[in-house]
Amino acid sequence: MMNEHTLNPEQTEAFDVLLGEKNVFLTGAAGTGKSFIIRHYLKEAEHKTPVVASTGAAAVLVGGCTFHSFFGLGILKGGVEKTVSRALKDKRLVDRILNTKEIIIDEISMIDPEAFYAAEQICRFVLDMKKPFGGLRIIAVGDFYQLPPIQKNKASFWLFQTQAWASLEFEIINLKKIMRTEDEDFITALNYIRRGECPDFVDKYFSEKKSPPKKDFDGTVLFGRRMHVEGFNDKKLDQIDTPANVYESSVVIKRTSKLTVERVLNLSPLPEKISLKIGALVMIRKNHPFGQYVNGTLGNIEYMDSEMVKVKTLGGSLIDFAKESFEVLNADGELEATITNFPISLAWASTIHKAQGASIDLISVDLAGLWERGQAYVALSRAKSAAGLYIENWHPKYIKSDPRVKAFYDSL
C-alpha cells in the first residue's frame, strides 16, 4: 500500500513538473497514483488551486465543484455562443476567473469537448484573448482509456482531438508504475485490457478467474447500471436474520443556497440512508491519511450503536467509525451544504461509476452487462489484487478500447 507521505521516483519527477508553470496533462493507468500526487501537490502549493471534476459525486470526493459549475456553463442551453454570452454577464464568475491562477481538472476523460471549448472561450474573454484559456494554467488529470463523457452523439470526438486541447501544449506526465498491486502478471494483463487487446495468454489468465454465482459471492459485484445495485444490496441484507439499524443521512443546506436535499444526495458518495446489520458487508468510502484503509476497503459490521460502527476489514483490522460530513462547495469554493453519516456503504454491489477511483479487496464483474468501451478495464482494474478478482461471462469480445485513444497514447 502506498505511504501517504512517500512519492516513488516516478511520482517525484511528476511532482517537480507540477511545481513548474507549464500546462500539465497527468495521465497513466489505474493505480499509478494520479490522485495521490495531486493531493500531495495541493498540500504544497503556495496558492489556492480550485479542483473541478466532471460529475458532482466526483467533485465532492476531491473537495471541489463540477467543471460546469466553476465555468458557469449550465447545460449549454442554446449552444456554446449563447452559453459564453450568459456566463460573461455573471460578475461572480468573472471575478472568480480573474482571481484564479491555475485549475486542476480531475477525470478529464469525462469532460465533454463542447463544454471544454466553452470554458476556454470564457477564460479568453475574461483574461486574454490571445492565450489559450486566457493564460490560466491547466492541470488535467485522468486516463482516456477509462470512462468517456456522456454524449448524445456517439460519433463525436474526444477532447484530445480538439484545437482547444492542442493549443494548451501540455507537458505530459504518463505514469507507468502501478502502485495498487505488485503482481506483475496481473499488471501485464491489465495493461493489455486497457489497450483493448486480448492475446491468448491474457485470455487464459482472465478465463481462469470464473466467478461463483452472484448469490454465493462474498465480495462486491460491479454492475454497469444503478438499477441493479440497490435491489441486490437489499436482497443480501434481508438474508441476514438480525435486526437492522437505519442511519438517515443528515443534510444541511445554507440558507442562501439554491440546492435541494435531492440534489445534495445526488452529489454525495453517501446514500440517503444506510441500513446495517451485524455481519453486513460494507465498503469504506474515504482514504485514511496514513494508509490504514483506502476508498474501496471492504469489511463486515462487528458492532453498531447510534454514535459508532465497528468494521472488521477483510484484512483483519478492526476500525471504529463516527459519523463524518462530506462538503458540497459552490463554484467559488464556498460551503453550500454538508451531508453527514458514517463514511461507509453496503458493498455487496456497486456501479462501476461509483467504484471509479476505488481499490476494492474482492470483486466480481459480469462482462456481459457492460456496453461502453473502456468499461471492462475500469471494472477489472478496481481489484486490489488478482486473487481478489472474479469474472462472470468472460469473453475476449467484451474487451474494447477506442482506436483513437490507442493512437493518442501511442503518440505520447
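A: The largest cavity in this predicted model has a volume of about 30 Å³. As a general idea, rolling a probe the size of a water molecule over the atoms shows where empty space is left. Here the structure holds one cavity of 30 Å³ or more.

Q: Which residues line the largest cavity, and how is the lining divided by class?

A: The lining consists of Ala30, Ile178, Arg180, Thr181, Phe186, Leu190, Ser381 and Ala383. By class, five of these residues are nonpolar, two are polar and one is charged.

Q: How many disulfides does the structure hold?

A: A disulfide is a covalent bond between the sulfur atoms of two cysteines. The structure holds zero disulfides. For Cys65, the nearest cysteine sulfur belongs to Cys123 and is 13 Å away, whereas a disulfide requires the two sulfur atoms to be within 2.5 Å.

Q: Is Cys65 buried or exposed, and how does Cys198 count?

A: Buried means under 20% relative accessible area. Cys65 is buried because its relative accessible area is 6%. Cys198 counts as partly exposed, because its relative accessibility is 22%.

Q: Which residues are buried in helix α5, and where do they fall around its axis?

A: In α5, residues 80–88, the buried residues are Val80, Thr83, Val84 and Ala87. Viewed down the helix axis, they fall within an arc of 100 degrees, and therefore line one face of α5.

Q: What covers the buried residues of α5, and which exposed residues lie on the face turned away?

A: The cover includes α6 (91–98) and α7 (113–126). The face turned away from the buried side of α5 carries the exposed residues Glu81 and Lys82.

Definitions and conventions
Residues are numbered from 1 along each chain as its sequence is written. This is a predicted model: local features need pLDDT of at least 70, side-chain atom pairs count only at pLDDT 80 or more; totals for chains, interfaces and linings use all residues. Side-chain values use heavy atoms; hydrogens and water are left out. On a 1 Å grid over the protein atoms alone, a cavity is a set of points where a 1.4 Å probe fits but cannot get out, and a pocket is an open set with protein on both sides within 12 Å along at least five of seven lines; lining residues have an atom within 4 Å of a point. Grid points are joined across faces, edges and corners, and a volume is the space filled by probe spheres set on the points. Ala, Val, Leu, Ile, Met, Phe, Trp, Tyr, Cys and Pro count as nonpolar, Asp, Glu, Lys and Arg as charged, and the others, Gly among them, as polar. Buried means under 20% relative accessible area, exposed over 50%, partly exposed in between (1.4 Å probe, protein chains only). Helices (H or I, at least four residues) and strands (E, at least two) are DSSP runs, numbered from the N terminus. The arc is that of the directions from the helix axis to the C-beta atoms. Contact means heavy atoms within 4.5 Å.
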